[in-house]
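This report goes through one protein chain by topic. Look at the sequence and the structure first, then read on.

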Amino acid sequence: MSRYLYSIVRCLPDPRTGEFVNFGAIAGNPDIGDWSIRQLSKVDRIRKFVGTQVLEAAASFLFEVDAEIDQSRSGLEEGLDPLGEDWLQAMHRNHRNVVQLSMPAPILADSAEEALEIIFAHLIIDPTSEPRERPVTKYDLNRELRQAYRQAHVAEPFVRPRAQIHIGAHVHSTIDFAIANGRTVQLTQAWSFRRAQLDEVSQQVKAWAYTMERLRGGEEARVVDTQNRISTISQDVDLQVVIATPTTPDQLAAYDEAEQVFAGLDADVHSLEHVEAVGRRAAQLISKLH
């Protein structure tokens, strides 16, 4: 378990009296940027106590926090710093009106969602709530991929995250992981279909596929990592895809379309639960270089 932080989000009909009702919670790990929010599933009792206007203010606040967390997750994929403890402390200090946050406190958990489960079970009673499926982000997938390479004992110099593949003079695309050291032996891309914004992931798959089709077609290509180290790459390079499997009908439809793309590129597809296979394959390919 790791050290997480949480604050309970409260509604106050009249801040002067100090009377409040719990509305939701924010929890996260400031070291790795794993943050999440949750609000009560039934708010009729809260509405009677605080009124519609205050309730809408609280809901709007959590919506904005959720958007900020989503933006931070995208930033983590670009190498930016995670939301830290000071972020939560600042919200505690700055929101002193009809929406307030409790003083940030530590809690031991394996994830932000697990921390929220504990908080709602012991501090915010919500008997009508049902288990919610946690969306799987690209950050989650890439974290597990990096761990898979470590477990397979792939030497760190070979692991090139956020590398660029250049096809000809004008086409290029960012690759989640290239396994390379002067010669590229594997490209790996992660896609989450367990998410809400399916149009975005479908567009990203198509853009990635366009580059990979050019590579498979034999056009001149090279891989450049974040330290500007260049590696050669062949058209038959090992291509791996790791996915968070879909669960809803809309997610399944989006994946069915992407699955055809993956098959056309001769890519091996693995669910997140079997990500270790990617690391083993990389280690096998590296061994053949010697």
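## Terms and basis

Two strands pair if DSSP finds at least two bridges between them. Helices (H or I, at least four residues) and strands (E, at least two) are DSSP runs, numbered from the N terminus.

This is a predicted model, in which local features need pLDDT of at least 70, side-chain atom pairs count only at pLDDT 80 or more, and totals for chains, interfaces and linings use all residues. Residues are numbered from 1 along each chain as its sequence is written, and side-chain values use heavy atoms, with hydrogens and water left out.

## The sheet

Strand E11 (residues 238-244) and strand E12 run parallel and are joined by 4 bridges. Ile243 has Ser271 in E12 as its bridge partner.

Both strands belong to an open sheet of 7 strands with mixed pairing, in the order E10-E9-E6-E7-E8-E11-E12. Strand E10 (230-232) and strand E12 (268-271) are at the edges with a single partner strand each, so one side of each has no neighbour in the sheet. From one strand to the next, the twist averages 35 degrees. Helix H8 (residues 276-287) packs on the sheet and touches strand E7 (171-180), strand E8 (184-192), E11 and E12. The direction of H8 makes about 170 degrees with that of E8 (axes are lines fitted to C-alpha atoms, for helices over the stretch in contact, and angles run from 0 to 180 degrees between N-to-C directions).

## The nonpolar cores

A nonpolar core is a set of buried Ala, Val, Leu, Ile, Met, Phe, Trp, Tyr and Cys residues joined through side-chain atoms within 4.5 Å. Buried means under 20% relative accessible area, exposed over 50%, and partly exposed in between (1.4 Å probe, protein chains only).

The largest nonpolar core has 39 residues, and Phe23, Ile26, Ile46, Phe61, Trp87 and Ile119 have the most contacts inside it. Helix H2 (residues 52-77) gives the largest share of this core, 7 residues. Apart from this core lies another, of 29 residues, including Val171 and Trp208.

Which residues does Ile46 contact, leaving aside its neighbours within four places in sequence? They are Cys11, Val21, Asn22, Phe23, Leu40, Gly51 and Leu55, where contact means heavy atoms within 4.5 Å.

## Exposed loop residues

Most residues other than glycine have a negative phi. Asn228, in the loop between strand E9 (221-224) and E10, has a positive phi near 65 degrees and is exposed at 62% relative accessibility. Asp266, in the loop between helix H7 (249-264) and E12, has a positive phi of about 60 degrees and is exposed, with a relative accessible area of 59%.
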